[in-house]
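Please open the model in your viewer and keep the selection tool at hand. The stops below are meant to be taken in order.

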Amino acid sequence: MKRLVGVTLGILTAIGGFVDIGDLVTNALVGSRFGMRLAWVVVVGVIGICLYAEMAGRVVALSGRPVFDLIRERLGRRTGLVTLIASFLVTLLTLIAEIGGVALALELASGVQYLLWVPLAAIAVWLVIWRVKFSRLEQVFGLLGLLLIGFAVALWQLGPDWGDLMHQATTPRPTGNESWLTYAYYAIALFGAAMTPYEVFFFSSGGVEEKWNRRDLVTARSNVFIGFPLGGLLSLAIAGCAAVVYLPAGIEVGTLGQVTLPTAMALGQLGLAVVLVGVFAATFGAALETALSCGYTIAQYRGWQWGKLVRPREASRFHLVIIICLVLAILTLLTAVDPVKVTEYSVVFAAMALPLTYLPILIIANDPDYMGRHTNGPVLNFFALIYLGLLLLASIAAIPLMIVTKAGQ
Amino acid sequence: MMAGRVLHAQLHLLDRQLADQRDGRLLGKVDDVELDLDAEVPVVSALIAGGVRIPASQVIEIDTAIQIRRGDLDLDRQDDWVEQHVIDHIPGAGDATE
């Protein structure tokens, strides 16, 4: 148990990246349309985020400097500003979607319309950020989010033809009416979700909040190598449930209710209730992750005092940024915009931010001034460079593919 | 300042985090570097952060962040303004989190 509590930062970070509200729906949608034929992208994404989160964690443990601090330092003020704007907008759009997601989960549980839950959800997120200790926040929402393992149990209970699922997973190409373009669009969406920039912002800033130093290198690594694969597993289980229930019926998943329905079919009301708590915790956790990351990115770019390790009045501007972002989230959602759609647009900004977020991490992880003798080895650099190429490719292809496929339709 | 170590202004000074050497408080980023060209070899005479001039004599150590002796430098003006006008009006602003 103590082990598990020590890796909740990694788990919470990964939940925000792999199973936040946009991903819950995207994973199920992909499962319902492509079966497991895109599962390989999740595996590729898990490896990529593990590589770079490990570097970011190592940099924090050895130098105390979080990722956005390094972005400005290595890219300079101007390019740093472009990265800031792009990554801040992804993070803000995701925050808006997550607040909507918390409200949607509450609607599913209570039957009360989600718009009424929106202000309450945003205030609850703010109260947790304002009052609750960082380690407690990450433990509560990280561990509760693990209840999404209910999807894996449900998949097992559904008794699928495992040979068929494996066959789908090993035939990476579109089927039926699907074209290569929509297949590529969802491949990029899944890859972008796995490596979404706020994961490294949150993870590295969380390391500072937890006061990591060189003795915590092992902690940093176990957070990475347990947290992110778990996130990937949850995302595969969700896709698997949808592949079993919806793909043969030719139903395309579009709502949160459809995402959770297979767990009710396999495990009954109790199973559904457990998974709904998981959905609530995962979206709430992702809301905390993105709200804090909005503050982290701007404060670290400008060099302001930030973080929950000091009293709120000592990091006034950091807390003000978070309050403004939450107010913006409430106002946007009250226009009745579909929270799930909001995350689709964030793909555009994520595409621009991706290479510029990860390049400075790679540079600093090779700088002995920061890392002493813990700089990257040649094998790690080789794979990190391959991933940088993949990120660049994804960032170039994302917007044209989004336009051509009308966001995957 | 520090003998025996070559510093590259662009790499080691510009855009680097400033911190108070006493309590580690974050005090801004180095926006610019002031050079004294009248000296025999040009030397860095001050760092500029948020419009405030930090004389080289107050720079204690150049590490992964630049540690400075804050003295009476007014590097917290904006944060204090937000604190007085917004944050302090919210209950619990001065409490440590639990």
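The model is predicted, with local features requiring pLDDT of at least 70 and side-chain atom pairs pLDDT 80 or more, while totals for chains, interfaces and linings use all residues. Residues are numbered from 1 along each chain as its sequence is written, chains are lettered from A and ligands numbered from 1 in the order in which they are written, and side-chain values use heavy atoms, without hydrogens and water.

Stop 1: Select α7 (134-145) and α13 (256-302) of chain A. Helices here are DSSP runs of H or I with at least four residues, numbered from the N terminus. The axes of α7(A) and α13(A) come within 7 Å and cross at roughly 145°; axes are lines fitted to C-alpha atoms over the stretch in contact, and angles run from 0 to 180 degrees between N-to-C directions. On the α7(A) side the contact is made by Phe134(A), Leu137(A), Phe141(A), Leu144(A) and Gly145(A). The α13(A) side includes Val277(A), Gly278(A), Ala281(A) and Phe284(A). Contact means heavy atoms within 4.5 Å.

**Stop 2: the patch.** Which residues form the nonpolar patch on the surface? Select Val140(A), Leu144(A), Leu147(A), Leu270(A), Val274(A) and Val277(A), which together have about 450 Å² of accessible area (Shrake-Rupley method, 1.4 Å probe, with only the protein chains shown as cover). α13(A) gives the most, with 3 residues. Val277(A) is partly exposed at a relative accessible area of 37%; buried means under 20%, exposed over 50%, and partly exposed in between.

**Stop 3: Ile188(A).** Move to helix α10 (residues 180-194) of chain A, where Ile188(A) is found. Ile188(A) counts as buried, at 17% relative accessibility. Beyond its neighbours within four places in sequence, Ile188(A) is in contact with Ala394(A), Ala397(A), Ala398(A) and Leu401(A). Met402(A) is 214 residues from Ile188(A) in sequence, and their C-alpha atoms are 9.8 Å apart.

**Stop 4: two positive phi values.** Ala336(A), in the loop between α14 (316-333) and α15 (339-364) of chain A, has a positive phi of about 70° although it is not a glycine. Ala336(A) is partly exposed, at 47%. Finish in the segment after α17 (378-404) of chain A, at Ala407(A). Phi of Ala407(A) is near 55°, and Ala407(A) counts as buried at 16% relative accessibility.

Key:
Patches are made of residues with over 30% relative accessible area and no salt bridge: like charges are joined within 9 Å, nonpolar side chains (Val, Leu, Ile, Met, Phe, Trp, Tyr) within 5 Å. A salt bridge is a side-chain nitrogen of Lys or Arg within 4 Å of a carboxyl oxygen of Asp or Glu. Buried means under 20% relative accessible area, exposed over 50%, partly exposed in between (1.4 Å probe, protein chains only).
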